[in-house]
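User: Please take a close look at one part of this structure for me: the pairing of charged side chains. I would also like to know what surrounds those pairs.

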Amino acid sequence: YDFHGSWEKQWYQRRVRGGSASECDTIPGRQCMASCYFLLKQFEDVLIYLNSIKSYFYNEDPFNYNCGQAKAATGNFKEAEEIFLMIQSEKLKSDYVYLGWLARCYIMNRKPRLAWELYLKQETSSESFSLLQLIANDCYKMGQFYYSAKAFDVLERLDPNPEYWEGKRGACIGLFQQIIAGHEPRETLREVLAILRNTGNAQVEYIIRIMKKWAKDNRVTVS
């Protein structure tokens, strides 16, 4: 979470200087109360204050940045996505916190391809690696195994951590099950096999044999 603005400093100054309770009914007072609850991660309360003043800040990027985070943190990913996409500032749009929340919104709103495209636009860095981890894990949790497998595949090639192989294996098997059930195109199996072949793990050949046998039995061309 990254609260954008100086409201928390104002809130602190008001408390230290003995600001009256009536200040909470002013726009600056409500901004400061929102920042206080944001820092306490009480996002339902954040939204109460932000919603009460949003008509004054509708087109302001810092306000929308904070409101988008609070909406996403309370599980309202549809509205959060819409708010994040209203932001115009290139500086905010290149910020990892923004990218991470927008990617999560895309995934939770069943648009994993857009999250993947966000990653593809990034330069290689520790932040893009973290974004890749978020995509891999969130897509897995949501059963979006195609993009989870692609993300874990890149992670494993960048860092041969056994956890990434386990994630990729699980995503590939989950995707295979979706193909069998008719929820994913059969042609996708060719890409699943290519992803698996990127790994030197001893388990790979056994998994590939099972998948190729199913493909042969069901007349699916995979080579």
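Analyst: **Charged pairs and their setting**

Lys78 and Glu82 sit 4 residues apart in helix α5 (residues 77-84), so about one helical turn separates them. Please keep in mind throughout that this is a predicted model. Residues three or four places apart on an α-helix point the same way, because the helix has 3.6 residues a turn. Lys78 and Glu82 do pair up: they form a salt bridge in which the closest N and O atoms are 3.0 Å apart. Lys78 is exposed at a relative accessible area of 54%, while Glu82 counts as partly exposed at 42%.

What does the other side of this helix look like? The buried residues of α5 are Phe77, Ala80, Glu81, Ile83 and Phe84. Viewed down the axis of α5, these buried residues fall within an arc of 165 degrees, so they line one face of the helix. They pack against α4 (61-73) and α7 (96-108).

Elsewhere, salt bridges that share partners tie Asp153, Glu156, Arg157 and Lys168 into one network.

The side chains of Glu156 and Lys168 meet in a salt bridge at 2.8 Å, N to O. This pair links distant parts of the chain, with Glu156 in helix α10 (residues 145-158) and Lys168 in helix α11 (residues 162-180), 12 residues apart. Are its two members buried or exposed? Glu156 is buried, with a relative accessible area of 12%, and Lys168 is buried at 0%. The cut-off for buried is under 20%, so both residues count as buried. In general, side chains of opposite charge can pair when their charged atoms come close. Over the whole model, the count comes to 11 salt bridges.

Now for the surroundings. The chain has 13 helices and 0 strands, and 43% of its 223 residues count as buried. The largest nonpolar core holds 53 residues; Phe84, Trp116, Ile135, Leu189, Val192, Leu196 and Met211 are the ones that touch the most other members. Met211 touches Cys172, Ile173, Phe176, Leu189, Val192, Leu193 and Leu196, leaving aside residues up to four places away in sequence. Another core, of 12 residues, lies apart from this one and includes Ala34, Val46, Ile53 and Phe63.

Val46 and Ile53 lead us to helix α3 (residues 43-53), whose buried residues are Phe43, Val46, Leu47, Leu50 and Ile53. Seen down the axis of α3, its buried residues fall within an arc of 135 degrees, so they line one face of that helix. The face turned away from this buried side carries the exposed residues Glu44 and Ile48.

Lys41, in the loop between α2 (27-39) and α3, has a positive phi of about 60 degrees although it is not a glycine. Arg110, in the loop between α7 and α8, likewise has a positive phi of about 60 degrees without being a glycine. Lys41 is exposed at 51%, and Arg110 counts as exposed at 56%.

Finally, a word on confidence. The chain averages a pLDDT of 89, and 89% of the residues score at least 70. Confidence is highest in helix α8 (residues 112-120), at a mean of 98, and lowest in helix α1 (residues 7-16), at 47. Over residues 11-19 pLDDT stays under 50, and the model has 10 contacts there beyond four places in sequence.

Definitions and conventions. Residues are numbered from 1 along each chain as its sequence is written. This is a predicted model: local features need pLDDT of at least 70, side-chain atom pairs count only at pLDDT 80 or more; totals for chains, interfaces and linings use all residues. Side-chain values use heavy atoms; hydrogens and water are left out. A salt bridge is a side-chain nitrogen of Lys or Arg within 4 Å of a carboxyl oxygen of Asp or Glu. Helices (H or I, at least four residues) and strands (E, at least two) are DSSP runs, numbered from the N terminus. Buried means under 20% relative accessible area, exposed over 50%, partly exposed in between (1.4 Å probe, protein chains only). pLDDT is the predictor's confidence in each residue, from 0 to 100. Contact means heavy atoms within 4.5 Å. The arc is that of the directions from the helix axis to the C-beta atoms. A nonpolar core is a set of buried Ala, Val, Leu, Ile, Met, Phe, Trp, Tyr and Cys residues joined through side-chain atoms within 4.5 Å.
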